[in-house]
Amino acid sequence: MAKLYFKYGAMGSSKTAQALITKFNYEERSMKVWLIKPAVDTRDGEQTVRSRIGLFAPCHAIKAEEDIFSLFEKEHSHADVIIADECQFFTEAHIDQLRRIVDEKNIPVMCFGLRADFMCHLFEGSRRLFEVADSIAEIKTVCACGAKAIVNARLDGNLRVVTDGEQVMLGGNESYVALCHKCWKRKIKAQKEEVHV
């Protein structure tokens, strides 16, 4: 019986590397993989999934208005599995379409992505996956203090923690750092105190 999987973690937890390793494992067994990501993720090129450790593969970029279920039926019904990276950027409708593929086509779908944004608010795609996924697993990473990192802290050009702005802002190590909640709050407090000195 196929399942909808959601594997989430903070930035730097090797989500994309795990997605690409999973793809390799399926293909090594002569199984066909449909690798997808939201088209909004253009950081490494629209048609590429790339991990920080250097792994990469071509993918199908899904636009906001596209129906994943229809695309699967028309062009990718030969796939044995669907692997989705950066799934936090998918719409609720996209997640429901992936759920439909699992239910109606008996094809496993493995989603990898962030849980929450830089203010600890769920992304739309992640929220829907928490609601409808069969299997949910955290990919852990650590804060500089050694505690478990859960916050994707956004940084400005001076490496100060940002606490407002648009939910989606693409970036890597130059723009984000994974922190534990305690360190995140401590940095915000320290920045406010600096302003009043």
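**View 1. Burial across the predicted protein chain.** Buried residues (under 20% relative accessible area, 1.4 Å probe, protein chains only) make up 48% of the 197 residues in the protein chain. This is a predicted model, in which local features need pLDDT of at least 70 and side-chain atom pairs count only at pLDDT 80 or more, while totals for chains, interfaces and linings use all residues. Residues are numbered from 1 along each chain as its sequence is written, and side-chain values use heavy atoms, leaving out hydrogens and water.

**View 2. The largest nonpolar core.** Such a core is a set of buried Ala, Val, Leu, Ile, Met, Phe, Trp, Tyr and Cys residues joined through side-chain atoms within 4.5 Å. Look here for Trp34, Ile36, Ile82, Phe90, Leu98, Ile101 and Cys111, which touch the most other members among its 26 residues. Elements giving two or more residues to this core include strand 2 (33–38), helix 3 (92–105) and strand 7 (109–113); helices (H or I, at least four residues) and strands (E, at least two) are DSSP runs, numbered from the N terminus.

**View 3. The surroundings of isoleucine 36.** Beyond its neighbours within four places in sequence, isoleucine 36 is in contact (heavy atoms within 4.5 Å) with Cys59, His60, Ile62, Ile68, Ile82, Ile83, Ala84, Asp85, Phe90 and Leu98.

Methods:
Buried < 20%, exposed > 50% of the residue type's maximum accessible area, 1.4 Å probe, protein only.
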